[in-house]
Amino acid sequence: MGFLTPVLLGGAALIAVPILLHLVMRRQPRRLDFPALRFVQQRRRSNQRRMQLRHWLLLALRCALIAGLAFALARPTLKGTGLRGKEGAPLAVAVVVDNSLRMQLVSGNQTRLEQAREAAGRFISQLPEGSKVAVVDRSGASSGFAVDTATARSRADNLLLESAPRPLDEAVIEAIDLLAQQPDHRQELFLFSDLTTASLGPDALTAIAESLESHKEVRLYIADVGVDQPINAAITRVEVPKKRLRQGEPLRVEASVELTGLAETQVVELFVRSEAGDEVKRGQRFAEAAADGTALVKFEVADLPLGTHQGHVALSSSDPLAFDNRRSFTVEVTPPTRVLLLGQSTDDTLFLSEALSPSFLNNEAGAFRCTSKTFAQLTDEALQGQPLTEFDAVCLLDPPPLEDRLWQALVDAADEGLGVGIFLGHRARPSAFAESLPQQLLPGPLARRSRDSTHLRPRNLDHPATVGLKNYAEDIPWQVYPVLTHWQFEELAGDAFVVARYANRSPAIVERPVGRGRLITITTPVSDPLEPEGREPWNLLPTGPEPWPFVALSRQLVGYLAQRGEEQLNLRPGETATIRLPGGSELSSFVFQPPDGLPLRRTLPPGADSIQVGSTRALGNYRVVAGGRSGELDRGFSVNAAPELSRLERIDGKTLTAALPADRVRVAREFNDVQKYVDVGRTGRELFPWAISLVAMVWCAEGLLSNRFYRGGE
Amino acid sequence: MATVEKYLKPEVIRQISRLDLRAQFIVKGFLQGLHASPFHGFSVEFSEHRKYSTGDDPKDIDWLVYAKTDKYYVKKFEAETNITGYLVMDLSGSMGYSHEQELTKFEYSICLAAALCYLMIHQNDPVGLVTFGEKILDVLPPKSKRQQIGNILSILANLRPNKQTDIAHSLDQLAAMLRHSSLVMVFSDLLAEPDEVIAALRRLRHGGHDVILFHVLDHAEVEFPFDGLVELRDPESDQSLEVDADGYRTDYLEAIADFRRTYEKECRQSRIDYVPLDTSMQFDRALTEYLANRHNWG
């Protein structure tokens, strides 16, 4: 029980008035002569009692009338919901609208978001003037209280689907924090959501419950705008195992289909964009769902020419949730990476050359195209002014002290984007390598050769140079390939980074950026045969039994040096796409073609080595083109929504109520329910009509009794 | 006479002369209503026979004697009545009470008494007047002269009913005072202890007197027309009582009915004529009803 205007309860003190009147100013009876008084006296006693009773009854009725009037005017409310608040205080309301892509689900000719927007708008417009209203969504844009309710309503009306939604609990907690900043207000939070397990999982509920616990004044109303029996067919995932293909290598695409509330076989189609820019259908499969409602379909497309290729996998039929009926992908068909292997003799390059482009395979078809040269040859070429930039990467295998011109050529090429790998071996000389030019490439002055027998033991393989090994990190038997001798540095340069270490903690692979290029130094060579003449081999990495780790590591490192596999071609909405510009390009502008709009011309700052695209909220294929007809740059990337946005399983009502503090949370199914809870929660169930009826009845009784009592009075 | 006029005016009964007429009118109205003689019950008694002479009323011829003797004899009636009437007036303060009626109980009683007085004088019956409060106050000896009416009325007109009353004692006094059988007509509201009054009435009756008890109550005393909260005061005892009239009415009416019933029952047992009256009743109607009933009894 509460009161909207409790101060009026003080009016009950006026009860004193009738009591006073009763006691002090008692109404005088009419005085009449009556000789037959004796007959009156005979019945006096019983009548006297009755009269007194009536007096007191009248007094009681009058007191009740005043008390009842005070009670009614104080506007009593019944707190049926148990929600308690600061009655009469101004309102601070945060409206959280779940605007994730999942809310695109159509039901009743309306998407969930449209329904939520409408309900939220209606609700906001019914708030009393002067209420503080904040509209919070899942876009992550910082929000505060709107200037007025009209602004808040317009903000709610203009909410759009968010392809990269932040977690719902984050939005709710932000709203709770916002409300908590208004301690003088009644703090009410309205969440309009479809209540799926994906958005309100156990962790999210726990986080919300904790936040509610720490802000005791905030009350949460959840308006359910979801659909109980949703129907949806979704392509939850499109997997392109190889995003960079060699020429002639077929494109393989795997699509996962998930059916909710459907059992029909779905037709899945593959489209690839042609050179003319049209989406050409390149395959069709039937997806028959297994018992768990999922199906996997595979496509294969051959004969893709060099360049960037984009396409999408789509369901041929439509369903209530449209966004996940289509997923896009981008692949690139690239020429092999050109690698220059430099050794004292071409023998030194054998192991690495075989690892990158095995001679038993057609060299043209491999990912790497290796060219082996000696240092002497390169020095001559450098003298003749032949640029190194025709290569993507250069590997120096066990280099001896080199001429400054060669070092200079390497430094210049690295500045332009050439990847340089230095495999230090027995020919290295600390004094010669301590010169300034070699030190521009090396991570530090060489200290000594360590003859401590050890082996490679990378702690983790998260570095891009080694991340390709991560999936089978546990299976690599590094100790089978001992490293008997390796170089140690006096001190690493400030910008050097240790990618991997030996078991004895000495740095094994050290990276150092130089200009636009990458530079990796390995402190042990990969050119030592099993039994070199006149000395012990420095390691058995390439010569141990079945040296597949060496092959894998080499390909990773050289690929990294050549800056391949760097760019993410398939992104989530909101992620920043990076497109590296080819070395030596002088682009000043490019054309950006988003999936949902007209091409935009953008300028590039001078000297930029990559294009960053941050506005990736729209789903689909993006294209970045520059250089006009020469086609200097024609790249692209795809943006797909997270697969959990297709999950429509609803959270159990009991789970929801059990996870949140029961006395401060209400769940409503219909807008009217929200309204009812709000009214009851805000003001309680008003008892005024009942109270005033009671007062009226008491009044009537009092009037009747007193009229009868004092009839014909003076 | 002036004082009599004062309280017996206007129209019908409010002037003494008119009262006379009024009484006459009441009786005549009564006679007109009854074509047989109404006076059998009073002082008409056989005295002796005498020879018929011309001019005698033929209806007085005694036909039994004629049958035996073949001569006309008429029945001779006693010229002097042996019934003496006494109008006994209660002068208690309560008799002066009237609530919204034109006449007080006392005035009403005077009117009644005047009518009866006229009636008896008309029959040559002597009528006397006795008034009492706590004891007998005034006594006017009975006479059958016409001016007796004027005497009685002038005395009554000058009396004020403002005394304390002891009806039983007064009646006892009266019983002791009367030597011959008389017709005692008591006018009182009987607001005293009924047992004592009844006992006194019985004694009076046992003294050989014919008693007519006119129980005169004000209309308000019979109907209790009050409502709301009232403070009632007894003018005689000066006691007062605050009551809720509405709540009391039923009880009161029951009590007054009991009271009247008691008198009626006791009077019937003692062969006393009990005439319950209230001041809202018409005189002629009241008297006619009574006399008709008495005739029927006779």
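The turns below discuss a predicted model with chains A and B.

Student: Which strands of chain B stand at the edges of the open sheet of six strands?
Tutor: The strand order in this sheet is β5-β4-β3-β6-β7-β10 of chain B, and the pairing is mixed. Two of these strands have a single partner each, so one side of each is left without a neighbour in the sheet. The twist from one strand to the next averages 15°. The edge strands are β5 (136-143) and β10 (273-278) of chain B.

Student: What angle does the direction of helix α6 of chain B make with that of β5(B)?
Tutor: Helix α6 covers residues 167-177 of chain B and packs on the sheet. The strands it touches are β3 (84-90), β4 (127-132), β5 and β6 of chain B. Its direction and that of β5(B) make an angle of about 35°.

Student: Which element gives the largest share of the side of chain B that touches chain A?
Tutor: The contact involves 29 residues of chain B and 26 residues of chain A. On the chain B side, β8 (229-233), β9 (240-244) and α9 (245-269) each supply at least two residues. By class, that side has 14 nonpolar, four polar and eleven charged residues. The largest share, eight residues, comes from α9(B).

Student: Which residue of β8(B) stands opposite Leu32(A)?
Tutor: Strand β2 (residues 30-33) of chain A pairs with β8(B) across the two chains, in the parallel sense and over four bridges. Within this pairing, Arg30(A) has Val230(B) opposite it. Opposite Leu32(A) stands Leu232(B).

Student: Which residue in the turn between β8(B) and β9(B) has a positive phi?
Tutor: Strands β8(B) and β9(B) run antiparallel and are joined by five bridges. One bridge pairs Arg233(B) with Ser240(B) in β9(B). The two strands form a hairpin with six residues between them, and the residue with a positive phi, about 65°, is Asp238(B).

Student: Where does α9(B) bend by about 30°?
Tutor: The helix has 25 residues and reaches 35 Å from its first C-alpha to its last, close to the 36 Å expected at 1.5 Å a residue. Its buried residues include Tyr248(B), Tyr252(B), Phe259(B) and Tyr263(B). After the helix comes Arg271(B), with a positive phi near 55°. The bend of about 30° is at Asp251(B).

Student: How many residues of α4(B) are buried?
Tutor: Helix α4 (residues 105-122) of chain B should span 26 Å at 1.5 Å a residue, and its end C-alpha atoms are 25 Å apart, which agrees. Asn124(B), with a positive phi near 65°, follows this helix. α4(B) is largely enclosed by the rest of the structure, because the buried residues number 17 of the 18.

Student: What share of the residues of chain A count as buried?
Tutor: Chain A has 16 helices and 37 strands. Among its contacts with a separation of 6 or more, 76% are between residues 24 or more positions apart. Of its 714 residues, the share that count as buried is 41%.

Student: Which residue is the bridge partner of Val96(A) in β7(A)?
Tutor: An open sheet of five strands in chain A has the order β7-β4-β8-β9-β36, with parallel pairing. Its edge strands, β7 (132-136) and β36 (665-668) of chain A, each pair on one side only. Strand β4 (residues 91-97) of chain A is joined to β7(A) by five bridges. The bridge partner of Val96(A) in β7(A) is Val136(A).

Student: Why does Gly627(A) count as partly exposed?
Tutor: Gly627(A) lies in the loop between β34 (620-626) and β35 (633-639) of chain A. Leaving out residues up to four places away in sequence, it touches Leu587(A), Glu632(A) and Leu633(A). Ser589(A) is 38 residues from Gly627(A) in sequence, with 8.3 Å between their C-alpha atoms. Burial takes 20 or more other C-beta atoms within 10 Å and exposure 12 or fewer, so Gly627(A) counts as partly exposed because its C-beta neighbours inside 10 Å number 16.

Terms used: Residues are numbered from 1 along each chain as its sequence is written. Chains are lettered from A and ligands numbered from 1 in the order in which they are written. This is a predicted model: local features need pLDDT of at least 70, side-chain atom pairs count only at pLDDT 80 or more; totals for chains, interfaces and linings use all residues. Two strands pair if DSSP finds at least two bridges between them. Axes are lines fitted to C-alpha atoms, for helices over the stretch in contact, and angles run from 0 to 180 degrees between N-to-C directions. Two residues are in contact if their C-beta atoms, placed from the backbone, lie within 7 Å. Ala, Val, Leu, Ile, Met, Phe, Trp, Tyr, Cys and Pro count as nonpolar, Asp, Glu, Lys and Arg as charged, and the others, Gly among them, as polar. The expected span of a helix is 1.5 Å times one less than its number of residues. The bend at a residue is the angle between axes fitted to the seven residues ending there and the seven starting there.
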